[in-house]
Structure formats: structure tokens, C-alpha cells
Amino acid sequence: MKLILLGAPGAGKGTQAEILCKEFSIPTISTGNILRAAIKNGTSTGLKAKSFMDAGKLVPDDVIIGVITDRLAEPDCTNGYILDGVPRTIAQAEALEKAGIKFDDVVSIEISDQEIEERMAGRRVCEHCGASYHVVAVPPQKEGVCDKCGGKLNRRHDDDPEVVEQRLEVYHKETEPLKDFYKSRGVLKSVENQPTVAATSQAILHTLGR
């Protein structure tokens, strides 16, 4: 299965992608994690992307598409994959199509801006492996420590309230039009955000026929 998860920043795409990758035994490809790793390692791509990410802006298409194309060519993607955080614009979606990359389903998680703002205030991310938590909804077993690798959990700069507002503005302008783009291709499936992570997962699996 080749799947895209769409939704506003903070909609829970990363959490749902992790659940779905276990359900379908396919890898999750998170552009955000790939780019953050590049930033941490000080690569030229990471440094180029850092200024955009810090300001809550979109990373240039040439950087995104190059990273994704290389990743999808790796052996673990042979039986499918889940894209989380890409494409973010119609131009990126068209570039992926031009590269011969197609998808079976595109799931859009629907959630209000107010809920997003409340949720992002409590989000924490591991500085080492990129795992995402929430102080209320998905807390780690030990406060401030990643369950997976023991890394320190931090609040990302792009989760600050003023940056969240900017990211939502960018999402509505640049990314939300992708829903119509994929609807026209007959692969869009919208899922309303549910009160719990598990309930949202069940709603997604249901719409995927599982």
C-alpha cells in the first residue's frame, strides 16, 4: 500500500503514520524527520532547510523531492510506504507524479485550527530519534524522556504559538488545495479527528477497508 497522510500541522499525522506502518508492515517516510536529521548532522541540505523550518515556512521543492525520491528507492519501500508531511504543495504533488510516484490512497485528517493550537502547545519531540509525544494525549512513560531511545524531549521552535499561527496560514494557502487535487484523481479519503488517538486510527482503518 502506498499512502499519503494529509492534515494541518499538529493534526496527528506522525502518530497515525506510526500506527499504520505497524498495521501494514511498511515504513513511514517523514520528511520532517529526514530534514531534522540533516540539520542535526550539519549537512548542506539541512542548513539550507533550517532557515525555512525555523520560520514555519515551506522547504523548497527541490530539496523535498530529492530527499523523498532517494528514500523511496530504498529496499524497504518495495511493498509500499506511508508519506507523512509530503507533498505539501500541488507543485510537489505534480513533481512526484512526474517522477512516476503514485499512491493508492490519500487520507486527510480533518481538525479545527483551535484544536491544533491547543494540541501543539503540549507537543514534545525527541531530539535524537524524532519520536513525537504530547504531555496529555500521548505522554512518555517518564516525563521528558523518549520511550524509544531515552533521548531528551523538547518543545520544537515551530510549535511556539506565533509560529503555529504562521504554519496554519501556510497550510490553508499552500497545502489544503491538495485535497481537491487528489479528489480529482479518485484517491482522497477524509477522516474526522476523533477524541482519542485510537479512535482516529480506527476511523482511518475503516475508511481504508480494514
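1. Lys-179 is buried, with a relative accessible area of 16%. Here buried means under 20% relative accessible area, exposed means over 50%, and partly exposed lies in between (1.4 Å probe, protein chains only). The areas come from the Shrake-Rupley method with a 1.4 Å probe, and for residues only the protein chains shown count as cover.

2. This is a predicted model, in which local features need pLDDT of at least 70 and side-chain atom pairs count only at pLDDT 80 or more, while totals for chains, interfaces and linings use all residues. Residues are numbered from 1 along each chain as its sequence is written, and side-chain values use heavy atoms, with hydrogens and water left out.

3. Lys-179 forms a salt bridge with Glu-110, the closest N and O atoms being 3.2 Å apart. This pair links distant parts of the chain: Glu-110 is in strand S4 (residues 105-110) and Lys-179 in helix H8 (residues 178-183), 69 residues apart. A salt bridge is a side-chain nitrogen of Lys or Arg within 4 Å of a carboxyl oxygen of Asp or Glu. Helices (H or I, at least four residues) and strands (E, at least two) are DSSP runs, numbered from the N terminus.

4. The whole structure holds nine salt bridges. One of them joins the side chains of Arg-156 and Asp-158, at 2.8 Å from N to O. Arg-156 counts as buried at 15% relative accessibility, and Asp-158 is buried at 10%.

5. Another salt bridge pairs Arg-167 with Asp-159, with 3.6 Å between the closest N and O atoms. Arg-167 is buried, with a relative accessible area of 14%; Asp-159 is buried as well, at 1%. Elsewhere, salt bridges that share partners join Glu-110, Glu-176 and Lys-179 into one network.

6. The largest nonpolar core has 26 residues, and those with the most contacts inside it are Leu-35, Ile-68, Leu-72, Tyr-81, Leu-83, Phe-103 and Tyr-182. At least two residues each come from strand S1 (2-6), helix H3 (44-54), helix H4 (61-72), strand S3 (81-84), helix H5 (90-98) and H8. H4 gives the most to this core, with six residues. Such a core is a set of buried Ala, Val, Leu, Ile, Met, Phe, Trp, Tyr and Cys residues joined through side-chain atoms within 4.5 Å.

7. On the surface, Glu-115, Glu-117, Glu-118, Glu-162 and Glu-165 gather in a patch of negative charge. Helix H6 (113-120) and helix H7 (161-175) each supply at least two of its residues, and H6 provides the largest share, three residues. Glu-115 lies in helix H6 and is partly exposed at 37% relative accessibility. Patch residues have over 30% relative accessible area and no salt bridge, with like charges joined within 9 Å and nonpolar side chains (Val, Leu, Ile, Met, Phe, Trp, Tyr) within 5 Å. Lys and Arg count as positive and Asp and Glu as negative; His and the chain ends are not counted. The place of a charge is NZ of Lys, CZ of Arg, CG of Asp or CD of Glu.

8. Two further positions can be checked in the model. Phe-24, in helix H1 (residues 13-24), is buried at 12% relative accessible area. Its C-alpha atom is separated by 9.6 Å from that of Asn-79, 55 residues apart along the chain. Pro-60 is found in the loop between H3 and H4 and is partly exposed at 22%. The C-alpha atoms of Pro-60 and Ser-30, 30 residues apart along the chain, are separated by 16 Å.
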